[in-house]
Amino acid sequence: MIYRALVRPLFFMLPPEAAHHAAFGALRFSMAVPGIGALTESLLAPSEPALEVDAFGVRFPTPVGLAAGFDKDASGFGALARLGFGHVEVGTLTAHAQPGNDKPRMFRLPADRALINRMGFNNRGSADAVRRLATPRRIPLGVNIGKSKVTPEAEAAEDYRTSALRVAPHADYLVVNVSSPNTPGLRDLQAVEKLRPILAAVREASEEACETPPPLLVKIAPDLSDEDVDAVGALALDLQLAGVIATNTTISRAGLRTPDPESFGPGGLSGAPLKARALEVIARLRRAVGDRCALIAAGGIEDADDAWARITHGASLVQIYTGFIYGGPLAPRRIALGLAERARAEGFDRVSDAIGSAI
């Protein structure tokens, strides 16, 4: 209530990107004060055994994680872990440092509880992140890698390979992002014939870089056709991927309450408007892969009901981003505890027992 009535309105007085830097900077600073981080974690991190999830050989303390895009440079995942997340995914990191697209490049749509962004993978590069990725952490860390804007499509596999060589030794799981709409031509790489060599190159690099390579996942867009979703599922099984993350942002503007959303220009829409399609994609993937491949749900998750729907339709884990912006720092705890309550109400001993139960 305090966040929504007081803190959020103050941050929303700032431009979105400035508000992000201010809030994230304040979080990192406060969590570095002796005693504050430990106290925050003791208050916010759920400790219910019913929330623990084992997915692709990694144990997660809760199913609720933070999606890539918030901590682009892996500069504050330790501070974020104090807020009760079950995992944090950093990035997207690219082989070459890049400034991203011109500003302004992030916009709020409060009437839709949504954001539009065309950030363009702004980051200091995967090489710059390695030192920070090597620091100890309390929860699983996912590392999301993408294609550098300067790299032509024909060299995409090598670009991803370069980042994988650098970050794989420090990742609890590794994500190939081919689904952001803000890098020209990137989504074309979701086509199976283009995606296969990229995933093969990343896997080979991971095996070269570390004795035990991290589980490999791919992140897809909600705008894929049903047939293409099925094709990605088949590819994931064929290549024995650890999982699929569904979904990234959408380029659709259908059904928005915000007047003239096209005035914001191009970019990916995230938040509540993605609920229906993101759930459809998770359910379709579950039917395609069964329990042979783990699914992570993202897109439009705001509360425990949203998260429960994704889990019962096949997701092992869920991720929030826009729901975190609008819901505040208590959102990961609130959603996780709500999941435990829903599981008990539905007769499940553990939240993970409900995975796919609605399919």
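The buried residues of α10 are Ala-304, Asp-306, Ala-307, Trp-308, Arg-310, Ile-311 and Thr-312. Among the elements that cover them are α9 (275–289), β12 (294–298), β13 (317–320) and α12 (331–345), where contact means heavy atoms within 4.5 Å. Helices (H or I, at least four residues) and strands (E, at least two) are DSSP runs, numbered from the N terminus.

The model is predicted: local features need pLDDT of at least 70, side-chain atom pairs count only at pLDDT 80 or more, and totals for chains, interfaces and linings use all residues. Residues are numbered from 1 along each chain as its sequence is written, and side-chain values use heavy atoms, leaving out hydrogens and water.

We can turn next to the helix pairs. Two packed helices are described by the angle between their axes and the distance between the axes. Helix α6 (residues 156–167) packs with helix α7 (residues 192–209) at an angle of about 25°, and their axes are 8 Å apart. Axes here are lines fitted to C-alpha atoms, for helices over the stretch in contact, and angles run from 0 to 180 degrees between N-to-C directions. The two helices are therefore roughly parallel to each other (angles under 35 degrees; over 145 is roughly antiparallel, 65 to 115 roughly perpendicular and the rest oblique). On the α6 side, Ala-156, Ala-157, Tyr-160, Arg-161, Ala-164 and Leu-165 take part, and the residues they meet in α7 include Pro-197, Ile-198, Ala-201 and Val-202.

Helix α6 also has α5 (residues 126–133) as a partner: the axes of α5 and α6 come within 9 Å and cross at roughly 20°. That makes α5 roughly parallel to α6. In this contact, Ser-126, Ala-127, Val-130 and Leu-133 belong to α5, while Ser-163, Arg-166 and Val-167 belong to α6.

Finally, there is a sheet to look at. Three strands form an open sheet in the order β5-β6-β11, with antiparallel pairing; two strands pair if DSSP finds at least two bridges between them. Strands β5 (106–109) and β11 (268–271) stand at the edges with a single partner strand each, so one side of each is left without a neighbour in the sheet. From one strand to the next, the twist averages 20°. Strand β6 (residues 114–117) pairs with β11 over four bridges, and Ala-114 has Gly-271 of β11 as its bridge partner.

Note on methods:
Buried < 20%, exposed > 50% of the residue type's maximum accessible area, 1.4 Å probe, protein only.
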